[in-house]
Amino acid sequence: MLIIEKMLIFLVLMLVGLLTAKVHILDEHANRKLSSIVVYIANPAMIIMSSQTEHLIPDRELLTALIIAVIMYAVLITAAAILPRLMKLEQNEANAYALMLVFSNIGFMGIPLVSEILGSSALLYVSVFIILFSVLIYTYGVMLLERNSGASQTASKWSTLKKCINPGVISSILAVTFYLLRIQLPEIITSPLGYLSDLTAPLGMMIIGATLADVKIRSFFTDYKLQLFTVIKMVILPLAGCLLLKLIIGGGDLLGVCVVMMSAPVGSMTVMMAQQYGGDYTLLSKGVTLTTLVCIVTIPLMFTLLL
């Protein structure tokens, strides 16, 4: 029942964020600033702190996590190419649904959830997924949304390459390096990092809650394509994938991490990417909202069935 308790705590934090947005304490500008703190400071701090543990993970298991992450994203990208035909989507819709299918909220929600349920040492597994996520969203993700051509397209490719080197990727590489080399940082560094990492869960959940303030819940009951997509992303794919993994690797923290990575809702990063490169911003916002609400039920269900 620990997972249900943690999800309820996250729900309360999301409600706090929703209420603060409703009374105009948080607005779009404040959300953007708080998101920057989580993305550029709190999340990286938590990832680096995951390497400062006495609990040793065999190098073979980290390699296994990498192989699983590569296969997972390969399957999701393949599914994203097939999904538009099955759902009879138009091109603009197809790009949005492909983004939502491939890129989940493994940062804002995945990191604090894994840390709370499985312990900080399990975040080393998450680091592997984050590295691939960060590279793919600025390559495959941009490819889906980019509408420029000629010289501007060349410039965007260069900026895309630079964006692949971001705090999430850097902190993940550092965490894996520190862990493999058994480097223990001094307390003068780990103590501030610990305080900063503690910001991840409350701020991340409040930000997600605040984004729900302007969404009309009634509209979800008439969008049948989004409802079908939600069932596929939040139930069918994670359940099938994790059942297969359970047969191959058994149980343990790695399976628990995989359950979270595969069951996480649509990533809010997809909305930000659509704002920058073009795309169906409204549909993406609705996808983030609906899957975030649904995951409060589906993630505990996945843990109950699989662990």
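Of the 307 residues of the chain, 52% count as buried, where buried means under 20% relative accessible area, exposed over 50% and partly exposed in between, with a 1.4 Å probe and protein chains only. The model is predicted: local features need pLDDT of at least 70 and side-chain atom pairs count only at pLDDT 80 or more, whereas totals for chains, interfaces and linings use all residues. Residues are numbered from 1 along each chain as its sequence is written, and side-chain values use heavy atoms, with hydrogens and water left out.

**Overall fold**

The chain has 15 helices and 0 strands; helices (H or I, at least four residues) and strands (E, at least two) are DSSP runs, numbered from the N terminus. Its radius of gyration is 19 Å, close to the 19 Å that the globule rule gives for 307 residues, so the chain is as compact as a globular protein of that length. The radius is taken over C-alpha atoms, and the rule is 2.2 Å times the number of residues to the power 0.38. Along the principal axes, the C-alpha trace spans about 50 × 50 × 45 Å.

Among contacts with a separation of 6 or more, 87% join residues 24 or more positions apart, a contact being heavy atoms within 4.5 Å. The chain exposes about 14600 Å², and carbon and sulfur atoms supply 68% of this area; accessible areas come from the Shrake-Rupley method with a 1.4 Å probe, and for residues only the protein chains shown count as cover.

**Aromatic contacts**

The structure holds 3 aromatic pairs. Rings of Phe, Tyr and Trp (its six-membered ring) pair if their centres lie within 6.5 Å; planes under 30 degrees apart count as stacked, over 60 as edge-to-face and the rest as tilted. Two of the pairs are tabulated below.

| Pair | Centre to centre | Angle between planes | Class |
|---|---|---|---|
| Tyr97 and Phe229 | 5.2 Å | 65° | edge-to-face |
| Phe103 and Phe133 | 5.4 Å | 90° | edge-to-face |

Tyr97 lies in helix H4 (residues 91-102) and Phe229 in helix H12 (residues 224-249), so their pair ties together parts that are 132 residues apart in sequence. Tyr97 is buried at 1% relative accessible area, and Phe229 is buried at 0%.

Phe103 lies in the loop between H4 and helix H5 (106-118) and Phe133 in helix H6 (residues 123-137), so this pair ties together parts that are 30 residues apart in sequence.
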